[in-house]
Amino acid sequence: MARKFVKALGFGAALATSLALAPTAFAKDWKTVVIGMEGAYEPWNLTDSSGKIVGFEVDLVNDLCKRAGFECKIIAQDWDGMIPGLKAGKFDVIMDGMSITDERKKEIDFSKPYAVSPGAFLALKDSPLAKATGAGTLINLDKDAAAGDAAIKSVQAALKGKTLGVQVSTTHSNFASQYLKGVADVKEYKTADDRDLDLKSGRIDASLDDYTVVAATGSKPDAKDLAIVGPKFIGGMFGAGTGMGIRKSDADLTAKFDKALAEAIADGSVKKYSEQWFKLDIAPQS
Amino acid sequence: MGDLAIFGFGEGGWGLALLQGAAMTLLVSACGLLIGAAIGGLVAWARLSGKLFAGAIGQAYAALFRGLPELLIVYFVYFGTSTLLTETANALGREGFVGVPSFAAGALAVGVISGAYQAEVFRAAYLAISRGELEAAVSVGMNRALSFRRIIAPQVLRFALPGLGNLWQVALKDSSLISVTGLTELMRISQVGAGSTHRPFAFYLGGAALYLVMTLATTRFFDVAEARATRGMRRATG
Amino acid sequence: MDFDFITKTFVRLLAALPLTLSVWFLSVVLGGLIAAGVTWMRVSGLKPFELFARAYVLVFRGTPLLIQLFVVYYGLASLPAVRASIIWPFLRDAFNCAVLSLALCTAGYQTEIFRGALLAVPHGQVEAARACGMSRLLMFRRIIFPIALRHGLPAYSTEMISMVKSTALVSLVTLWDVMSIALKIRNDTLVTYLPLILAGAIYFVVNYIIGAGFLALERRLSPHLRPRPS
């Protein structure tokens, strides 16, 4: 019996070691590109009951990879491990509703934007946010600083003493910690799903996330009392659109995706996927 | 969908995903336990060797990995193994990145933690072997390899089984922490399902029930193994 | 070596230590109270109580703490019945949920420790106490409790340390404990190891102090086991 056990031990150790040393990424000759997505950022990407990741970005990236002539493999990765995972080589591309910001550009490269979508608040229909300055309008913090300041001030007033939920390490959490620290109780969640659960149960009074995401949450049957309220923000801290994150050392991959993306935008494919998943067109205009 | 239908196996049912998660949990826990056995064996051997330096290293390992939160160790191993492997590969001349799958990182994390406790179990088991038998092996002319194979290992196993059974349960529960690395084991599937369907109570309770079933079923296995291994052994308790 | 960064990180982590310690302390105390009740049920001799106690221990030791935490934090909050009840103001707060969940879990383990400690009291002593005419309460106070305390301390110390490590999980339900601050610093600055190493050092020191404290307590309570002064 001991013999069998020792044999099993040896086999197990060998198995474990070989699993550990199996290399997963071959750089430079792009035959297969590994894409990292959360699978928990509906409708950009979500996990269905069979465990498969589906969504706007899945359709888009399969399209782009076909154009660029390589195979795409999608793996799930938690949001807060996205950039470290990319740099460590777990995958080659981040495609997870990631906004292009100067801060992130210091660490990684971005493709050209494949979507432009503002940040928006989701809260109860009668929330004070509904009456904030600029409620319902789109405010570009880059182009219209004055309106931006006014809107931010009134958002601060509306959320004073209330609880706001954001996802960690997003442009929205940066906005919240910059402008709402000390004003509102800002709670950070690992996933957008967790935050939405707390919004529904009433633990938090409002959530701030991408417009498409809050719209999708608000359209579900169990969110009857919730609505998109307050101003919508783009530019400034919110970034200049959503792009694919790629390692700085893989400039050739970035170029390949940029080329494929330009084609997809030109022939309306991005618009098609966008309308299919978001019910509106958030394709970049250029 | 109805409350129980989401657990079903039909269209939109998460039953299959949950079972696959449970299978992954069992697999990663088992690999973790085996890695832990290897590490634990090494550390126990270091502590029993009588050499001061080896003993100190062994004790330091055990103290370190028993004093740190398991969640921290999971994160550390998860972030660390890729970087380590990449830098090693680069140093050896291999271009590019070497990725470590989250299964391997997860099993390694569970193994590293388990090893610290298994070392103690193995050490106690070794010390429980009657000195007379070890002396007899030497006097009969057995070399070290033979006496290890025929005398020490079988008896260490017998004495260690109760402790190992307990550590298996611990490994099963520690594997739930690997969910933070994204590995699709049971905790992760419960989380994804809860978020996706907005039914956290059903999914987390269901996941907990599956863990309980796994614990009970595998404990039976260890009990049977223990009964077989210790037959004929006289012990203080019944 | 960026000492400025190291110091700043360390200070930020230390600032979160009070939260970690308060979660630990409250959950251990609450868990101890629950465990006292469950242990009493377990040794009561009444079948239904015994079965409940056994089931309680089985469930809370047989399932991962993480899933228990999520059931209490996310699961309960999603039930309309809970949201409408009087305990909702309590459960609404993440800190309360975390303490409650950790307490329920440690109660399962503490029950087993208490039970083992009680079983270790030599029956002869109990018989002698009865023969002396001691009431049950007096017997518990003067005979059973002191002996059981001594027997249970080593295992209890291990459980206390285990609980400190378990507090790291509350980082997953929006509480800003040492673990979550370390991860946040890691995310914001992309410095991978340093925050985790510093956080690990803090946890290690806390566990060492607790372990040493319990060891000192054990030695104080066992003067008869100490070596004779020469």
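Predicted model: local features only at pLDDT ≥ 70, side-chain atom pairs only at ≥ 80, totals over all residues.
A crossover is right-handed if, with the strands pointing away from the viewer, the path from the first strand over the helix to the second runs clockwise. Helices (H or I, at least four residues) and strands (E, at least two) are DSSP runs, numbered from the N terminus. Residues are numbered from 1 along each chain as its sequence is written, while chains are lettered from A and ligands numbered from 1 in the order in which they are written.

**Exercise 1.** Determine which unit contains strand E11 of chain A, and how E11(A) is paired.

*Solution.* 
1. A right-handed β-α-β unit is made by E10(A), helix H6 (residues 171-179) of chain A and E11(A).
2. Strands E10 (residues 163-167) and E11 of chain A run parallel and are joined by five bridges; two strands pair if DSSP finds at least two bridges between them.
3. Gly165(A) has Lys187(A) of E11(A) as its bridge partner.

**Exercise 2.** Describe the side of chain A that touches chain C.

*Solution.* 
1. Contact (C-beta atoms, placed from the backbone, within 7 Å) links 14 residues of chain A with 11 residues of chain C.
2. Helix H3 (82-88), strand E11 (185-189) and helix H7 (192-201) of chain A each give two or more residues to this side.
3. E11(A) gives the most, with three residues.

**Exercise 3.** State the confidence of the complex and of chain C.

*Solution.* 
1. The predictor gives the complex an ipTM of 0.87 and a pTM of 0.86.
2. Chain C has a mean pLDDT of 92, and 100% of its residues reach 70 or more.

How values were computed: Contact = placed C-beta atoms within 7 Å. pLDDT = per-residue confidence, 0-100.
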